[in-house]
Amino acid sequence: MSKTKQALIGTVIAAHGRHYLATATIDGELHRLQCVTRGKKTNVAVGDLVKLTLTSADQAVIDAIEERKTLLYRSDQYKSKLLAANVTQLFIVVATEPGFSDDLVSRSLVAAEAAGIEVRLILNKTDVEAALPRARERLQVYAKLGYPVHEVSAKAHPEQTVETLRPLLAGHHSILIGQSGMGKSSLINLIVPDADIATREISEALDTGKHTTTFTRLYSIPGLGDDTAIIDSPGFQEFGLYHLTEGMLERAFRDFSPYLGGCKFYNCRHLSEPQCAVLDAVAKGDIAKMRHELYGQLLHESSQTLY
């Protein structure tokens, strides 16, 4: 078989539009390949394992996507946006300042629960002491649900930050998400010391010019083994979940779980029905009102889906 027609298995490490970058082992060496899909398919995500056909020394065609363990994505009523495949852990990065969005955090938690992905929250910029008590107070609602909260300060205490995060990353394929301004780039640069260089190389390979923060990319982490990787995603302000059905939604709120099946009506939507166990729990303060309001909003969005 000629090398240019050799079938390979690769890992997608970056995506921009319909152009992808994958790594694959050829003759015992790891190569970086510029890839396109056959036809107009664009359902490839960073983290995907893909079947490739080599078309030149550094180019390949993606023939198929291997079965995914997990898929994290967001959607509006018209289309979906794949974030990452085969991740086992989601880090939601928030900060003492600027203020973070509870809506975005809660939606990210719901997306991860629906996809079967573990979640940890990272509170960055803990050196901003004046804003720290309020940030901690706001994160209590998530901590009470069992989501671990880890406090770091990437700029003021870089070594402690690395010591905190590296053990949490070991053995996982993790993705970092968060709004712009939360310090996600600073964290990535600490965890992956040559991330800036790698990002520039990826940007050049994908021909994205200077827009190095507009695409998702996967990095291996030095010293933590082959089964450890971290995916950085662009900052975003919205997290649509139009793809989740009613049944998926109620199960993705872990605070609802003790009460599901306890309602008078088997098809209860937990909005205004009589003798609803979830609504009773909200009234008693066992489920945060903010969480139930989000559930109602997501239920409304899921009914608007057009695609």
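Keep in mind that the model is predicted.

**Stop 1: the largest cavity**

Select Ile92, Val93, Val94, Leu104, Val105, Ser108, Ile177, Gly178 and Gln179. These residues line the largest cavity. Which classes make up the lining of the largest cavity? Six residues are nonpolar, three are polar and none is charged. The volume of this cavity is about 50 Å³.

**Stop 2: the second largest cavity**

A search of the whole structure finds two cavities of 30 Å³ or more. Helices α3 (158-169) and α4 (184-191) each supply at least two residues of the lining. Here the lining has seven nonpolar residues, with no polar and no charged ones.

**Stop 3: helix α4**

Stay on α4. Which residues of α4 are buried? Select Lys184, Leu187, Ile188 and Ile191. Now look down the axis of the helix. The buried residues of α4 fall within an arc of 100 degrees, so they line one face of the helix.

**Stop 4**

Side chains of opposite charge can pair when their charged atoms come close. The model has 14 salt bridges. Three of them are worth a look from α1.

Begin with arginine 138 and aspartate 102. Their side chains form a salt bridge at 3.0 Å, N to O. Arginine 138 sits in helix α2 (residues 132-143) and aspartate 102 in helix α1 (residues 102-115), so the pair ties together parts that are 36 residues apart in sequence. Is aspartate 102 buried or exposed? Aspartate 102 is buried, because its relative accessible area is 18%, and buried means under 20%.

Next, select arginine 107 and glutamate 301. This salt bridge spans 2.7 Å, N to O. Arginine 107 belongs to helix α1 and glutamate 301 to helix α8 (residues 289-302), so the bridge ties together parts that are 194 residues apart in sequence. Both arginine 107 and glutamate 301 are buried.

Then move to glutamate 113 and arginine 254. Their side chains meet in a salt bridge of 2.7 Å, N to O. Glutamate 113 is in helix α1, while arginine 254 is in the loop between α6 (246-252) and α7 (277-284); the two are 141 residues apart. Glutamate 113 is partly exposed, with a relative accessible area of 24%. Arginine 254 is partly exposed as well, at 32% relative accessibility.

Salt bridges that share partners join Asp103, Arg107 and Glu301 into one network.

**Stop 5: a ring cluster**

How many aromatic pairs does the structure hold? There are three. Select phenylalanine 253 and phenylalanine 256. Their ring centres are 4.9 Å apart and their planes meet at 25 degrees, so the pair is stacked. Phenylalanine 253 is buried, at 0% relative accessibility. Phenylalanine 256 is buried too, with a relative accessible area of 0%.

Phenylalanine 256 lies in the loop between α6 and α7 and tyrosine 295 in helix α8, so the pair ties together parts that are 39 residues apart in sequence. Tyrosine 295 is buried, like phenylalanine 256. Ring pairs link Phe253, Phe256 and Tyr295 into a cluster.

**Stop 6: the largest pocket**

The last stop is the largest pocket, with a volume of about 810 Å³. It has 30 lining residues; select those closest to its centre, Thr11, Leu218, Ser220, Asp226 and Ala229. Then colour β1 (7-16), β3 (29-37), α5 (195-205) and β12 (216-220), each of which supplies at least two lining residues. Which element gives the most to this lining? Helix α5 does, with four residues. By class, the lining of the largest pocket has 12 nonpolar, 11 polar and seven charged residues.

Notes
Residues are numbered from 1 along each chain as its sequence is written. This is a predicted model: local features need pLDDT of at least 70, side-chain atom pairs count only at pLDDT 80 or more; totals for chains, interfaces and linings use all residues. Side-chain values use heavy atoms; hydrogens and water are left out. A salt bridge is a side-chain nitrogen of Lys or Arg within 4 Å of a carboxyl oxygen of Asp or Glu. Buried means under 20% relative accessible area, exposed over 50%, partly exposed in between (1.4 Å probe, protein chains only). On a 1 Å grid over the protein atoms alone, a cavity is a set of points where a 1.4 Å probe fits but cannot get out, and a pocket is an open set with protein on both sides within 12 Å along at least five of seven lines; lining residues have an atom within 4 Å of a point. Grid points are joined across faces, edges and corners, and a volume is the space filled by probe spheres set on the points. Ala, Val, Leu, Ile, Met, Phe, Trp, Tyr, Cys and Pro count as nonpolar, Asp, Glu, Lys and Arg as charged, and the others, Gly among them, as polar. The arc is that of the directions from the helix axis to the C-beta atoms. Rings of Phe, Tyr and Trp (its six-membered ring) pair if their centres lie within 6.5 Å; planes under 30 degrees apart count as stacked, over 60 as edge-to-face and the rest as tilted.
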